[in-house]
Amino acid sequence: MTTDNLSLVVYAKNDLRLEDRPIPEPGPDEVLLRMAKVGICGSDVSYWTKGAIGHFVVKKPMVLGHESAGVVAKCGKNVTTLKLGDRVAVEPGVPCRICEFCKKGRYNLCPDVYFCATPPDNGNLCRYYTHAADFCHKLPDHVTLEEGALLEPLSVGIHACERAGVTLGSCVLICGAGPIGLVNLLAAKAMGATNVCITDIAENRLKVAKEMGADHTVLVKTSDAEALAKQVKEVMGDMPDKTIECSGAETSVRLGIFATKSGGVLVLIGHGPDEVKIPVVNAGAREVDIRGVFRYANNYPTSLAMVASGKINVKPLITHRFTLEEAKKAFETARTGDGGAIKVMISCE
């Protein structure tokens with residue numbers, strides 16, 4: 001086995017380095033993975049450009065990357081579910097398994113979760129990485145490693161749609177047409193939504209959303225959320241009963257409240273400022289439920305089944321590809337959005 005474990009490491013704000021690290025040994029219940037494909041998430045870019053996301057602060061060097069898939073290179077002594085050469089999607093959050101949240105099946109809320117590339121936990125944008133075997137999902141032969149890496153953002157979309165209660169015939173507004181907005185579009189359509197509108201400030205992203213199945217698009221040109229809500233209703237022919245906010249922008253959160261039909265649900269995914277000014281009394285008076293989303297729980301099997309069956313096609317999300325050696329250029333592309341970048345994929349092979 002090669003001794004090369006090239007890794008992309010963020011040291012602090014605006015300090016990104018490619019460096020060689022030791023190849024780790026898997027624990028008894030872990031596998032050593034030869035990493036294959038890793039997508040760049042907005043959180044990876046934020047840790048590089050800002051050094052933090054909310055209370056998650058980079059205080060020591062951290063390997064980036066958590067949207068990933070790889071090949072089993074070695075198994076721990078207790079591992080029986082995987083074998084050498086298996087291709088797997090990596091579910092990046094490994095919880096404690098014993099706290100009240102884990103026992104209730106909401107392990108995404110576990111306070112002791114190890115989550116790739118969330119300080120202080122190292123990610124897997126590297127050649128070799130060890131991970132709990134039971135959080136590695138074996139891929140069918142016809143599902144590519146790139147598709148496996150995209151199960152991570154897709155799981156966010158499926159979890160959000162479940163939290164919103166999207167079902168057959170749902171009328172859905174999605175605020176933001178970035179990667180997370182687009183996977184929510186794919187998930188909502190697959191779960192039976194028949195009228196989906198997506199908003200964004202960039203025309204090129206709305207064009208992609210239309211190509212991926214959006215029924216309507218709205219280009220945001222104003223910060224007047226009430227005016228935008230009226231525009232959404234006019235375009236959709238009705239107020240949405242489910243709204244999924246993916247940007248974190250204050251105007252967008254306000255739009256979510258004003259636009260959602262009375263008795264409907266607004267789900268918040270986007271992480272913007274810690275505090276935003278919103279018309280919460282309007283939501284309360286109209287019984288608009290506001291629900292949060294934090295990652296996902298028990299959604300990887302569904303995501304994999306939807307991709308494997310062809311019900312969801314995530315391939316159009318990938319707009320740019322780079323090698324691990326080109327990781328800094330890849331991150332710059334993801335940061336600027338040059339060339340219409342939506343999902344930038346890095347090959348670690």
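Among contacts in this chain between residues at least 6 apart in sequence, 68% join residues at least 24 apart; a contact here means heavy atoms within 4.5 Å. Before going on, a word on the source: this is a predicted model, where local features need pLDDT of at least 70 and side-chain atom pairs count only at pLDDT 80 or more, while totals for chains, interfaces and linings use all residues. Residues are numbered from 1 along each chain as its sequence is written, and side-chain values use heavy atoms, with hydrogens and water left out.

Now the overall picture. The chain has 11 helices and 20 strands; these are DSSP runs numbered from the N terminus, with helices being H or I of at least four residues and strands E of at least two. The C-alpha trace spans about 60 × 40 × 35 Å along its principal axes. For 349 residues, a compact globule would have a radius of gyration near 20 Å, and the chain agrees, with 20 Å. That radius is taken over C-alpha atoms, and the globule rule is 2.2 Å times the number of residues to the power 0.38.

Of the 349 residues, 55% are buried. Buried means under 20% relative accessible area, exposed means over 50%, and partly exposed is in between, using a 1.4 Å probe and protein chains only.

On charge, there are 40 positive and 40 negative side chains, and the centres of the two sets lie 1 Å apart. Lys and Arg count as positive, Asp and Glu as negative, and His and the chain ends are not counted. Each charge is placed at NZ of Lys, CZ of Arg, CG of Asp or CD of Glu.

Just after helix 10, G310 has a positive phi of about 85 degrees.

Which residues of helix 6 are buried? In this helix, residues 203-211, they are L206, V208 and A209. Their arc is 155 degrees, within which they fall, so they too line one face. The face turned away carries the exposed residues E203, K207 and E211. Cover for the buried residues of helix 6 includes helix 5, strand 14 and strand 15. Just after helix 6, G213 takes a positive phi of about 120 degrees.

Key:
The arc is that of the directions from the helix axis to the C-beta atoms.
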